[in-house]
Amino acid sequence: MSERSGSNGGGQTALRRSNGNGGGQEATAAVWAAITGLSIGEAWLRRDEPKAPEVVARYQDAVSQLDRGVPFAYAVGSVGFRTLDLKIDPRALIPRPETEGLVELVLARCASGLIADIGTGCGCIALALAVEGQFERVVAVEQSAAAAALARENVKRVAPRTPVEIREGDLLAPLVDTVERYRAIVCNPPYLTTQEFEELDRAVRDFEPRAALVSGADGLEATRTLFAGARLLLEPGGLLALEIDERRADAVRALGREHGWTVEIHADLFGCPRYALGTPCRRLSARRKS
């Protein structure tokens, strides 16, 4: 399933098996588990124990939101991403399991030096890299001030040993005009057209931030900007790692080639072309230096 598809968000397996956003015993247990921090099994086994009024109020509010079609992660206010439990709300896109695979690919290629996460949203990629890698520092860029504030809250929540710096600005702009060079630049950019956005499931279209999903007439505006500007920000041998729309793998590869990149396309767990790993072509780099 594509990250931009009609998932209710957050990869809540028990919820997906329930009768709907708010119905079914499994969904009820999933909501209570998310609110209390218990496992779903523990929540079910302890369902008859006395409950604090404030926790019951949070649970009832979450169920009410689910009944209105609010995605599960937004309703309960948290989402799992790899090893992390993150705060999430409508300020940022809900992380999907597919994006965890992008982190996996980056860690397999590099785990040290300076790294940047572009369009960090709630901070999921930046924080996963900070916790699991051995990087000197992670710079996380976010255009939305509201989403950047949420990312800062999650930095405090996770408190990684590797410093995570949140910078506000559009795509690569906050990285320019510094002497810093990055071992890798990672991004899960918006990659839908307006028409594709309108065709999304209501749970995504009506609640998640449009700016994190739509990227120009062909869905490639942000990707094009990244290919055009990332080269000068990478150290020699650096990596540009992108999540992509499965329908545009060939277009992304061609776009990278136009801008002087060698691009590898990798599949996600569902076998869909989901990730583009780019390295600057040496021949073009040498020509630009001459």
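# Reading local features in a predicted model

Student: Where is Arg 47 found?

Tutor: Arg 47 sits in the loop between α3 (40-45) and α4. Helices (H or I, at least four residues) and strands (E, at least two) are DSSP runs numbered from the N terminus. The model is predicted, so to speak of a local feature needs pLDDT of at least 70 and a side-chain atom pair counts only at pLDDT 80 or more, while totals for chains, interfaces and linings use all residues. Residues are numbered from 1 along each chain as its sequence is written, and side-chain values use heavy atoms, with hydrogens and water left out.

Student: Is Arg 47 buried, partly exposed or exposed, and what is its relative accessibility?

Tutor: Buried means under 20% relative accessible area, exposed over 50%, and partly exposed in between (1.4 Å probe, protein chains only). Arg 47 has 39% relative accessibility, so it counts as partly exposed. Its C-alpha atom is separated by 8.4 Å from that of Ala 29, 18 residues apart along the chain.

Student: How should I read the phi of Arg 82?

Tutor: Most residues other than glycine have a negative phi. Arg 82 has a positive one, near 55°, and its place is the loop between β1 (78-81) and β2 (84-87). With a relative accessible area of 25%, Arg 82 is partly exposed. Asp 177 also has a positive phi, near 65°; Asp 177 lies in the loop between β5 (164-168) and β6, and at 78% relative accessibility it counts as exposed.

Student: Which way do the residues of β3 point?

Tutor: In a regular strand the side chains alternate between the two faces of the sheet. From β3, Leu 114, Ala 116 and Ile 118 point one way, Ile 115 and Asp 117 the other way, and all are buried. Since 5 of the 5 residues of β3 (residues 114-118) are buried, the strand is largely enclosed by the rest of the structure.

Student: Which strands pair with β3?

Tutor: Two strands pair if DSSP finds at least two bridges between them. β3 and β4 (residues 137-142) pair in the parallel sense over 5 bridges, with Ala 116 opposite Val 139 in β4. Between those strands the chain passes through helix α7 (residues 124-132), and this β-α-β crossover is right-handed (with the strands pointing away from the viewer, the path from the first strand over the helix to the second runs clockwise). β3 also runs parallel to β6 (residues 182-187), joined by 4 bridges; in β6 the bridge partner of Ala 116 is Ile 185.

Student: How many aromatic pairs does the structure hold?

Tutor: Rings of Phe, Tyr and Trp (its six-membered ring) pair if their centres lie within 6.5 Å; planes under 30 degrees apart count as stacked, over 60 as edge-to-face and the rest as tilted. The structure holds 2 such pairs. The ring centres of Trp 32 and Tyr 59 are 5.4 Å apart and the planes are at 75°, so this pair is edge-to-face. Phe 227 and Trp 261 have ring centres 5.9 Å apart and planes at 55°, so that pair is tilted. It links helix α11 (residues 221-229), which holds Phe 227, to strand β8 (residues 261-267), which holds Trp 261, 34 residues apart. Both Phe 227 and Trp 261 are buried.

Student: Which charge lies over the face of Trp 261?

Tutor: A charge sits over a ring if NZ of Lys or CZ of Arg is within 6 Å of the ring centre and within 35 degrees of the ring normal. Arg 231 lies over the face of Trp 261, 5.7 Å from the ring centre. The charged end of Arg 210 sits over the ring of Phe 197, at 5.4 Å from its centre.
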